Amino acid sequence: MGALHARLVLDALLVAFHARLVLDALLVAFHARLVLDALVVALHARLVLDALLVAGASSIKRCSLRTYLSAYETSNARKTNA
């Protein structure tokens, strides 16, 4: 009877151990998913930042082009008036 009891206790410990391993695997998968989500958020933030920088650079180029054209027209106007 003692051997049967010892075997049942051992089986219960093995079940608990395997349950713990499964739980640990689920926690690792959950943390991996959180890390992946954080990387996706960082990537999207980077893409948004890049888009804002490109938009800013485009507006700066437009302003520079407008300034250049304005100066060119002013220069041409002075030449024709002179």
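View 1. Met-1, Leu-4 and Leu-8 together make a nonpolar surface patch of about 390 Å². Please keep in mind as you look around that this is a predicted model. Leu-4, one of the patch residues, sits in helix 1, which covers residues 2-81.

**View 2. The whole chain, for orientation.** How many of the 82 residues count as buried? The share is 0%, because a residue has to fall under 20% relative accessible area to be called buried. Four salt bridges are counted in the model, and the next views visit some of them.

**View 3. Arg-7 meets Asp-11.** Here Arg-7 and Asp-11 form a salt bridge, with 3.4 Å between their closest N and O atoms. The two residues are four positions apart in helix 1, so about one helical turn separates them. Is Asp-11 buried, partly exposed or exposed? Its relative accessibility is 29%, so Asp-11 counts as partly exposed.

**View 4. Arg-20 meets Asp-24.** In this view a salt bridge links Asp-24 with Arg-20, and their closest N and O atoms lie 3.1 Å apart. Both residues belong to helix 1, where four residues, or about one turn of the helix, lie from one to the other.

**View 5. Arg-33 meets Asp-37.** The last stop shows the side chains of Arg-33 and Asp-37 joined in a salt bridge, at 3.1 Å from N to O. Which element holds this pair? Arg-33 and Asp-37 both lie in helix 1, four residues apart, which is about one turn of the helix. Asp-37 has a relative accessibility of 31%, so it counts as partly exposed.

Definitions and conventions: Residues are numbered from 1 along each chain as its sequence is written. This is a predicted model: local features need pLDDT of at least 70, side-chain atom pairs count only at pLDDT 80 or more; totals for chains, interfaces and linings use all residues. Side-chain values use heavy atoms; hydrogens and water are left out. Patches are made of residues with over 30% relative accessible area and no salt bridge: like charges are joined within 9 Å, nonpolar side chains (Val, Leu, Ile, Met, Phe, Trp, Tyr) within 5 Å. Accessible areas come from the Shrake-Rupley method with a 1.4 Å probe; for residues, only the protein chains shown count as cover. Buried means under 20% relative accessible area, exposed over 50%, partly exposed in between (1.4 Å probe, protein chains only).
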